[in-house]
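This report describes selected local features of a predicted model.

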Amino acid sequence: MSGHYLMPSLGSGMTSGRVLEWYVKPGQAVHRGEVIGLVDTDKGAIEIEVWEDAEVTEILAPPGTTADVGTPLLALSPPGTAEPVTDAPSEIAAGPSRPKAKTPAPKRPPGPRARKVRVTPVARKRAEELGLDPESLTGTGPGGAVSLADVDAAAGTPEGAPAEPSDAVAKPAAAVEAPVAPSADEGDRHRAMRHAIAAAMTRSKREIPHYYLATSVSVERALDWIEKTNVDRAPADRILTAALHLKAVARALEEYPELNGFWENDSLRMADAVHPGLAISLRGGGLVAPAIHDVLARSLDEISAAIRDVVQRARAGRLRGSEVTDATVTVTSLGDRGVETVFGVIYPPQVAIVGVGRALERPWAESGMLDVRRVVQLTLAADHRASDGHRGGLFLERVAELLQTPESL
């Protein structure tokens, strides 16, 4: 046990964060994986988790404190003890002066809070059509309003995720969001996020020797299977095409682990699990790619539920620290935006990113027969320091094979 809970690094380039809220108080026992507080970063508010069983001795950084990565935020003691730990860790970087230690007033543990929810007219109409209660959703629109995208996300049609089967609920062509003026704070956050993305992508293009591969894949069987499986399901219970892609990629990475890891200290560190990061576009601009944990051990229904959950929380600014930092490879799709081919930029220190394009009907020859199939462009951008094109090509081919037997995923 370190004796202190330190400001975590929640993404490439993060140097500091601001404590927004603590869900714990002195004397409270905490357990590994428990969400204990909320930190504001360039990519929005992120819930932070504790990584060991302990007891909170003292809150060193009250809400409102801005602290460098590595700065102590909480003093912890072993479970079942009340003795405070006072030895500061030697690796703490010099940063802004730590706020005066004091025992803050006990804070109310997290729980349901009464709130007045703003809902745009078109979102309310859509929610009624889908049988959803809009006031039960978390709004990500300006001023926290529940938007059309929030309702669609709750119904299983996440923006920025791979395209849904054709029987998914379609957006009304004439639907227009009620205009709501952005706040100054949202403008600052948007600029900060653009700055963070620019820094990460500049580092990627400067340091990572990318190579790119692309292949055409028939997804006719996969989409047929999803459409038949979903035919009698409510929108919120349908299997998402994105879940199929994530599972196929994860299964292929079992055989090509050099694409599932991190380039650190001039060497490859392969991850011991597959946690694909799903690229999610945010309203108003910006992008996050939170991890969908343990995809290999989950069913397609479970993965679909996890995607819906993480998309909604990403747009509400309620991602968790482990979701922001644990992604071992990124999967991105712009197919629902009409893009046929996506060549991604690797998010360092990851070593690969998989792109999925739009499913289009194409002439398809197989076994001497010509047919019309729905086909997508599957791409790979990979770090040449960690792998080469031969292995990358085999990986793409394996993903394509797995998509031909969706029932086995």
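## Strand E7 and its sheet

Asp-68 is located in strand E7. The residue has a relative accessible area of 18%, under the 20% limit, and is therefore buried. Its C-alpha atom lies 5.7 Å from that of Thr-15, although 53 residues separate Asp-68 and Thr-15 in sequence.

Strand E7 belongs to an open sheet of 5 strands, whose order is E7-E2-E4-E5-E15 and whose pairing is mixed. Strand E7 (66–68) and strand E15 (319–320) form the edges, each pairing on one side only. Strand E2 (residues 16–22) runs antiparallel to E7 and is joined to E7 by 3 bridges. Across these strands, Thr-66 in E7 stands opposite Arg-18. In general, strands of a sheet pair through backbone hydrogen bonds, in either a parallel or an antiparallel manner.

## Helix H6

Helix H6 covers residues 300–315, and its 16 residues should span 22 Å at 1.5 Å a residue; the end C-alpha atoms are 23 Å apart, which agrees with that expectation. Buried residues of H6 include Leu-300, Ile-303, Ala-306, Ile-307, Val-310 and Val-311. Ser-304 is also buried, as are the arginines Arg-308, Arg-313 and Arg-315. Just after the helix, Gly-317 adopts a positive phi of about 70°.

## Helix H8

Helix H8 (residues 389–403) contains 15 residues and extends 21 Å from its first C-alpha to its last, close to the 21 Å expected at 1.5 Å a residue. Its buried residues are Gly-392, Phe-395, Leu-396, Val-399, Ala-400, Leu-402 and Leu-403. These residues cover an arc of only 165° around the axis, and therefore lie on the same side of H8. An α-helix has 3.6 residues a turn, so residues three or four places apart point the same way.

Which elements cover this buried set? The cover includes strand E9 (210–218), helix H4 (220–230), helix H5 (241–255), strand E17 (352–356) and strand E19 (369–383).

## The aromatic pair

The structure holds 1 aromatic pair. Tyr-212 and Phe-343 form this pair in an edge-to-face arrangement, with 6.0 Å centre to centre and 90° between the planes. Tyr-212 lies in strand E9, whereas Phe-343 is in the loop between strand E16 (329–333) and E17, so the pair ties together parts that are 131 residues apart in sequence.

Tyr-212 is partly exposed, at 36% relative accessibility. Phe-343 is likewise partly exposed, with a relative accessible area of 48%.

How values were computed: Residues numbered from 1 in each chain as written. Predicted model: local features only at pLDDT ≥ 70, side-chain atom pairs only at ≥ 80, totals over all residues. Heavy atoms only, no water. Helix = DSSP H or I, 4+ residues; strand = E, 2+ residues; numbered from the N terminus. Expected span 1.5 Å × (residues − 1). Buried < 20%, exposed > 50% of the residue type's maximum accessible area, 1.4 Å probe, protein only. Pairing = 2+ DSSP bridges. Arc of directions from axis to C-beta. Contact = heavy atoms within 4.5 Å. Phe/Tyr/Trp six-rings, centres within 6.5 Å; stacked < 30°, edge-to-face > 60°.
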